[in-house]
Amino acid sequence: MGNRTARVAIAFIMMISIRCFLCPAHVKQYFREVSREAAWSDSAFYGRQFTMRFPLTGAFQLIHHASTAEAGAVRTMRYTPRSPDAARVWQQAVRNELFEHLRLAELVQSRESIPFEARVTKTEKRDGFVLKDIQLRSTRGRLITVALAEPGRIEHALPAVVCVHGHGGNRFTPFDPGAREYKLCGTKLVRNGFVVIWADIGQHEVYEKGRALMGERLWDLMRCVSYLETLPAVDAKRIGCAGLSFGGEMAMWLAAMDERIEATVSAGFLTLMDQMEQNHCMCWKFDGLRQLVDFPDIYSLVAPRPLQCQNGLKEDSTQFTVPLARKAMEQIHVIYRDFGVVQNAVLEVHDGGHEIALEPLLTFLSERLAK
Ligand SMILES: [Zn+2]
């Protein structure tokens with residue numbers, strides 16, 4: 001490299017660095033990240049993209065983060081108004097693209113050929129229902145354990161719900177009175193006549209070589225849907241999903257990418273990606289995502305199927321606030337309007353904080369998954 005080229009390259013790098021450090025938002029974010037380091041010590045959060053153990057490393061990570069966040073926010077496949085037929089073409093094109101980025105394309109095509117080899121490893125009778133641990137084959141090389149709750153007496157095929165826990169939760173959380181923000185939603189759903197299935201998808205490392213974290217999480221939920229379809233107790237045409245926080249995010253992904261989901265409740269999550277860049281575990285993000293879409297576009301893949309998003313008025317002001325949720329829902333309504341069913345996507349604003357609003361969830365799923 002000649003002297004002149006080297007000088008130009010160095011000047012360019014310095015220019016970018018100075019610009020990032022002079023941007024008040026990025027400087028503020030840098031200090032917020034450094035000061036919050038201790039608060040993020042939970043092992044569940046080690047997967048985040050810029051763990052700042054040392055100020056200098058953090059500074060370089062910040063530059064990288066700032067430039068990729070800006071460069072990545074292109075949203076080339078943003079939904080714009082069109083005819084219902086063209087909207088379906090758009091949905092399929094976005095799904096195909098996202099399956100590639102999630103490294104799931106080949107698994108989705110071969111899903112019928114992977115046997116479940118289901119094995120009940122534990123059965124527990126509770127008041128009015130039976131809770132089982134079941135080991136299933138998720139991919140040819142990987143087993144998972146799911147929790148399945150069925151009402152004590154089943155006289156005809158029932159609707160079913162794939163429930164999804166948030167950060168730090170697990171497959172028992174919806175049946176745990178101590179997990180107050182979940183309002184015992186698993187127990188309540190099964191007592192209201194639903195079969196409930198729940199998997200552990202809180203991992204922050206990739207299990208299988210060549211896969212992606214978000215792809216593996218989504219795939220395990222899709223396997224839950226496929227497994228429900230095999231159960232005589234379940235009406236395969238009436239399968240819904242629901243989740244809180246990270247679970248609300250995964251409920252969005254499941255409903256968006258798997259058209260077998262008939263009705264969806266996504267609680268404590270509706271927001272925009274710019275907000276998620278600010279103060280969250282970054283496990284939601286993967287290469288290529290921001291270039292393609294923002295969250296309202298992913299929710300738009302759920303249309304015209306029923307969708308309820310829940311956001312609480314007491315959410316922290318830096319998190320999933322109601323004004324942000326309203327802004328996102330306006331964008332989601334564009335495709336529902338094109339399908340002529342704008343009433344199918346609702347924002348349920350409740351008085352609580354980062355939690356499930358149980359009654360609206362039960363009412364919505366009971367109505368939308370009724371025979
Ligand atoms: Zn995470």
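**Before selecting anything**

Residues are numbered from 1 along each chain as its sequence is written. Because the model is predicted, local features need pLDDT of at least 70 and side-chain atom pairs count only at pLDDT 80 or more, while totals for chains, interfaces and linings use all residues.

**The whole chain**

Display the protein chain as a cartoon. Its secondary structure comes to 13 helices and nine strands; helices (H or I, at least four residues) and strands (E, at least two) are DSSP runs, numbered from the N terminus. Buried residues make up 38% of the 371 residues. A residue is buried if 20 or more other C-beta atoms lie within 10 Å of its own, exposed if 12 or fewer, and partly exposed in between, with C-beta atoms placed from the backbone. Among contacts with a separation of 6 or more, 69% join residues 24 or more positions apart; two residues are in contact if their C-beta atoms, placed from the backbone, lie within 7 Å.

**The sheet**

Select the strands next. They form an open sheet of nine strands in the order β1-β2-β3-β5-β4-β6-β7-β8-β9, with mixed pairing; two strands pair if DSSP finds at least two bridges between them. The edges are β1 and β9 (345-350), each with a single partner strand, so one side of each is left without a neighbour in the sheet. Neighbouring strands are turned by 20 degrees against each other on average, direction ignored; axes are lines fitted to C-alpha atoms, for helices over the stretch in contact, and angles run from 0 to 180 degrees between N-to-C directions.

**The hairpin at one edge**

Select residues 119-126, which form β1. Of the eight residues of this strand, the number buried is zero, so β1 lies largely in the open. Seven bridges join β1 to β2 (residues 129-139), and the two strands run antiparallel. Arg 126 has Phe 129 in β2 as its bridge partner. Two residues lie between the strands of this hairpin, where Gly 128 takes a positive phi near 90 degrees.

**Strand β4 and its partners**

Move to residues 158-164, strand β4. This strand is mostly covered, with six of its seven residues buried. Strand β4 pairs with β6 (residues 234-244) in the parallel sense over six bridges, and Val 162 has Cys 241 in β6 as its bridge partner. Which residue of β6 is the bridge partner of Val 161? That partner is Gly 240. Towards β5, four bridges join the parallel strands, and Val 161 has Val 196 as its bridge partner there. The chain crosses from β4 through helix α6 (residues 185-191) to β5 in a right-handed β-α-β crossover; right-handed means that, with the strands pointing away from the viewer, the path from the first strand over the helix to the second runs clockwise.

On the way, select Leu 184, found in the loop between β4 and α6. Its phi is near 55 degrees, a positive value in a residue other than glycine.

Leaving aside neighbours within four places in sequence, the contacts of Val 161 include Leu 189, Phe 194 and Leu 365.

**Helix α7**

Select residues 213-230, helix α7. Its 18 residues reach 27 Å from first C-alpha to last, close to the 26 Å expected at 1.5 Å a residue, where the expected span is 1.5 Å times one less than the number of residues. Is α7 largely enclosed or in the open? Of its 18 residues, 14 are buried, so helix α7 is largely enclosed by the rest of the structure.

**Further single residues**

Select Lys 327, which is in helix α12. Lys 327 counts as partly exposed because it has 15 C-beta neighbours inside 10 Å. Pro 296 is 31 residues away in sequence and 9.3 Å away in space, C-alpha to C-alpha.

Finally, select Pro 304, in the loop between α11 (295-300) and β8. The peptide bond from Ala 303 to Pro 304 is cis, with omega near 0 degrees.
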